[in-house]
Each structure stands twice: as C-alpha cells, then as structure tokens.
Amino acid sequence: MTTVEKIKEIEAEMARTQKNKATSQHLGMLKAKLAKLRRELLTPSSSGGGTGAGFDVAKTGVGRIGFVGFPSVGKSTLMSKLTGTHSEVAAYEFTTLTTVPGVVQYNGAKLQILDLPGIIEGAKDGKGRGRQVIAVARTCSLIFLVLDVLKPLGDKRIIEKELEGFGIRLNQKPPNIYYKRKEKGGINMTNTVPLTHLDLDEVRAVLSEYKIHNADISFKCDATIDDLIDVIEGNRVYIPCIYVLNKIDQISIEELDLVCKIPHTVPVCAHHEWNFDELLSKAWEYLDLARIYTKPKGQLPDYSSPVVLRRDTASVEGFCNTIHKAILREFKYGLVWGSSAKHNPQKVGKEHILADEDVVQIIKKV
C-alpha cells in the first residue's frame, strides 16, 4: 500500500469515528499516524528527483512573497503588473509551469515575488506538481493566497487544507509548548493554564505512537492534539498570509463590502491595477520590516537608501552586520534618534532594539 493510500485509509477511518471522550485517544493516535505519513510525503526519498527544474530560486531582497492559488485566478497578471516581470498570461489553465521570480521595490526595500504554478485539490498528496509548489511556498516570508472574488471561501478552505497537509500554518503562532525527550522517568506533564482539549491519557496515546515513553512536556497554552503533534514533528512553518481577492471589477459594491469582512484580506483588480497601494502596505506590515537610516558623523541623515531589517533582527548589532561585518570589531557605541530612543540622541550598545524609521550613527573605537 502506498503512502497516499495509507493516508486516505486513515482519513476515512477518522471521518467514520464519532468525536467524543471515549474516542479521543483513538483519534489522537490516528492524527499522529497521519502526521508521520505526511512527513514521508514532505521529505521524499533522494531518488525522487529533487524539487524539479525551474522550482529552486535563489533568495534575494529582505522578504520573499509567494503567490499561491488555483489556476487562472490572476496570479501571473498580478505579478506582471506589480514587478514588471513577464509571467506567461493566457485564458487557459496552468499557463505558469515553473516558479517565475520578480522584484518589487517598496519603502526602499527589495521584496522578492515568486509566481508559483497553480495548485489543484490533492496537491498535498502529490497531484499535479503540488508537492514542488508547496515546497517553495514553505521557504516564503509571506504568502499571497490569490482567490477569485466570485468564489473566495470555498477555494480558501481547499487551499488552506492543502498547505496544512504540508506543515504550513497560516497566520498562526507556534504553540507555547515546552517538550524535551529524556532517557528515563516516564511522561512528566505540567500545565500553567487549564487544558480543555487534552488530558494525560491522550498525550500518552500520541507519544506512544511516536515511541516516546520518557519526556517532559509543559503546556503554557490551551493546546489541542494537533498543536502537540506539530511540536513533536518539529517541521512546521508559521507564515503570515494575505488573502488577495482578485477580479473585484466583476462584483458590486455591496458584495465587495461583504467579502472584505473576511480577516486578512485585500481586494484588488490585477487587470486594472486597483488597490495595489493597500496590498503593498499590508505586505510590509505582515513582513514586519523596519527602515533604519544611517547618519554619517557631522552630516545629515541619509533618507534615500534605508537599511531594511526584519524586526526580530532589528538590533544595532543586526544593523551593523547588514552594512558590513567588520563594523562590529571597531564598534564603541551607537547614537539613536527615533521612537526607540528615550531621548534624542540616545547613546546605546549593540543589543539595543531599533524601531521603524530610527536614525543611527555608529561611533568607532579610536
């Protein structure tokens, strides 16, 4: 029996099983089995031929945005209008057959855009070239899930299910669960919040499926069985996502007001280039980027070419390393003007965390 057939068999059994307290352990074990089989699909054997020609693209810029969606929803048109990069556009499905890279400049930053081939239902099980497409999507800093505005919710559900099957969690944070295997001592479970979805027996059932009999687990959130499996698997990626509702020229204002109530959405019309400003502004917000301006000694700040950093690396040390790694060897202290400073300028060390549009001057050792 192939991996895909085993997955379908387990999914069928889960669909047949009623959800209640008596079956929760059994369902937990089935979910763990399913996760292990999906991992086999995620990491196929080396004889599988890799990702395939045209799918590997070198990273450039400070953020990578992947266009994911069904065929013929306007991904290639949106890509061409945003970046000026030609991506094959036609009235038939599957026009784009490989990853087409492009770059868009925004707020002084280079953002890499990847137009991925359209995925189909069953992509996570290897249909079409879904496996390669989703493997590239896992490397993105942000996903634009492009939807046809005439049928957004149904398509959104199907694509989210495909991405989840490949370990991609959209607009979620990693569950706050501490987990560590040990040599002996059995399963030691603690929780700092009440657990309404799990008990020790269910945790033991999932761990036994992974042949884990000795471990410390601490729950700092009201976790589910799926959260626990995600932590044990350890190969999940948590990616922000914007749902791009394309072709809004085909609906009324009243219909547009309704679809805009879907969280994390931006309505656009790629053909007429409507609402691109909001799309790029939201992309900047979701990528969580910060512009840092340099100030040479005795001169005005240079506002023309900011150093753009992810906020999680936006320390003075990260700023110095982005300009040149040798700067830190001569670093004495920094002067910072802006919202991260208590007073302007503030004398800071290399650990200081910078905010968007701060101005920094580096003072070197004499």
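This is a predicted model: local features need pLDDT of at least 70, side-chain atom pairs count only at pLDDT 80 or more; totals for chains, interfaces and linings use all residues.

Colleague: Thanks! How many helices and strands are there in the chain?

Modeller: The chain has 10 helices and 16 strands. Helices (H or I, at least four residues) and strands (E, at least two) are DSSP runs, numbered from the N terminus. Of the 366 residues, 48% count as buried, where buried means under 20% relative accessible area, exposed over 50%, and partly exposed in between (1.4 Å probe, protein chains only).

Colleague: What makes strand 6 and strand 7 edge strands?

Modeller: They belong to an open sheet of three strands with the order 6-8-7 and mixed pairing. Strand 6 (177-181) and strand 7 (187-191) each pair on one side only, and they are the edge strands. The twist averages 5 degrees from one strand to the next.

Colleague: How do you know that strand 6 and strand 8 pair?

Modeller: Two strands pair if DSSP finds at least two bridges between them. Five bridges join strand 6 to strand 8 (residues 215-219), and the two run antiparallel. Within this pairing, I177 stands opposite F219 in strand 8.

Colleague: Which helices lie across these strands?

Modeller: Helix 6 (residues 200-209) lies across strand 6, strand 7 and strand 8, running at about 135 degrees to strand 7. Helix 7 (residues 225-233) lies across strand 6 and strand 8, at about 45 degrees to strand 6. For such angles, axes are lines fitted to C-alpha atoms, for helices over the stretch in contact, and angles run from 0 to 180 degrees between N-to-C directions.

Colleague: Why are helix 3 and helix 9 called roughly perpendicular?

Modeller: The axes of helix 3 (residues 75-83) and helix 9 (residues 276-287) come within 12 Å and cross at roughly 85 degrees. Angles under 35 degrees count as roughly parallel, over 145 as roughly antiparallel, 65 to 115 as roughly perpendicular and the rest as oblique. Helix 3 and helix 9 are therefore roughly perpendicular to each other. In their contact (heavy atoms within 4.5 Å), L78, K81 and L82 in helix 3 meet F276, L279 and L280 in helix 9.

Colleague: Which parts does the salt bridge of R291 and E357 tie together?

Modeller: These side chains meet at 3.7 Å, N to O. R291 lies in strand 12 (residues 289-294) and E357 in the loop between strand 15 (346-348) and strand 16 (358-364), so the pair ties together parts that are 66 residues apart in sequence. R291 is buried at 14%, while E357 is partly exposed at 43%.

Colleague: Which residues of helix 10 are buried, and what covers them?

Modeller: V316, G318, F319 and C320 are buried in helix 10. The cover includes strand 12, strand 13 (302-310), strand 14, strand 15 and strand 16.

Colleague: What stands out in the backbone at N344 and P345, and at N171?

Modeller: Most residues other than glycine have a negative phi, and most peptide bonds are trans. The peptide bond from N344 to P345 is cis, with omega near -10 degrees, and P345 is found in the loop between strand 14 and strand 15. N171 has a positive phi of about 50 degrees although it is not a glycine, and N171 sits in the loop between strand 5 (168-170) and strand 6.

Terms used
Residues are numbered from 1 along each chain as its sequence is written. Side-chain values use heavy atoms; hydrogens and water are left out. A salt bridge is a side-chain nitrogen of Lys or Arg within 4 Å of a carboxyl oxygen of Asp or Glu.
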